[in-house]
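The sequence and the structure come first, and the description follows.

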Amino acid sequence: MTSLFVDTHTHIDSTLERSEYTKDFHSFRQEVICCEQCEKFIHISCEPTTLDVGWKIINENDEVFGAFGIHPHEAQHYTDEVEAKLREYITKGKETGKVVGFGEIGLDYHYNLSEQAVQKDVFIRQIKLALTFSLPIVLHLREADEDALHIIREYIPKDTFIHLHCYTSLPSLAASILAEYPHAYVGITGVVTFKSATNTHEVVKATPLNRLLLETDAPYMAPIPFRGKTCHSGMIPKIAEKIAALKGVAIDEVYTQIRQNTRDCYKI
Ligand SMILES: [Zn+2]
């Protein structure tokens with residue numbers, strides 16, 4: 001099958017918590033995701049309290065890989081102990097090939113759940129840690145374009161693999177990062193199917209197909225026509241269809257190129 005895909009950004013633990021069907025990933029995959037095209041998953045562990053659960057999920061399921069790194073919402077809870085745990089799981093997971101990314105890390109000034117100064121400190125601290133592992137960095141950036149670009153330029157070397165996850169910021173920020181970082185990719189979620197998501201539509205049109213990644217950010221961001229439901233990886237075809245429409249290319253071209261991008265970025 002040529003149209004396989006990887007959901008490059010999903011929160012399996014929170015998805016199962018919200019799911020009205022089952023709490024077990026294996027059954028969930030068979031009964032709910034239920035999509036033969038869905039080849040692999042990258043589960044994001046980004047809260048200090050759920051790192052252990054994430055570690056369990058990636059080790060119990062052959063097709064699930066992981067990324068570890070603390071979300072900007074949780075920056076105030078970033079401690080030496082949390083950092084030690086990140087270090088431990090990433091070191092072990094890199095050896096087995098099950099940890100393929102660092103994140104999601106970044107800045108979120110929309111909710112400001114952690115103070116901006118704390119967010120910036122923790123972002124920089126985690127960038128430095130991520131670079132010691134040479135893993136792709138998964139970036140969560142929201143309404144913090146200026147500070148984000150400043151920190152990225154100062155601390156992230158130009159040959160780093162970057163995944164701009166669930167990208168909804170201005171097209172100009174994506175354009176700058178893509179131009180300066182040849183291994184940066186833009187992650188597209190169900191947001192692209194929303195009528196109001198003009199930024200994301202512009203970004204998809206302006207970004208070459210070989211710089212895009214498919215992701216759900218499940219359980220959030222369910223694409224149309226599933227809005228209001230718990231999002232899951234089986235909904236990715238709706239995202240791929242919208243990308244194909246916006247770019248005026250065949251759907252198979254979207255799947256084939258993005259599957260290759262995933263291999264290039266995450267090595268899976
Ligand atoms: Zn996420």
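A residue is called buried under 20% relative accessible area, exposed over 50%, and partly exposed in between, using a 1.4 Å probe and protein chains only. The model is a predicted one, in which local features need pLDDT of at least 70 and side-chain atom pairs count only at pLDDT 80 or more, whereas totals for chains, interfaces and linings use all residues. Residues are numbered from 1 along each chain as its sequence is written, and side-chain values use heavy atoms, with hydrogens and water left out.

A salt bridge here is a side-chain nitrogen of Lys or Arg within 4 Å of a carboxyl oxygen of Asp or Glu, and by this rule the count comes to 14. Three of these pairs are listed below.

| Pair | Closest N to O distance |
|---|---|
| Glutamate 39 and lysine 40 | 3.9 Å |
| Arginine 125 and aspartate 80 | 2.7 Å |

Threonine 50 lies in the loop between β2 (38-45) and α3 (51-60), where helices (H or I, at least four residues) and strands (E, at least two) are DSSP runs numbered from the N terminus. Threonine 50 is buried, with a relative accessible area of 16%.
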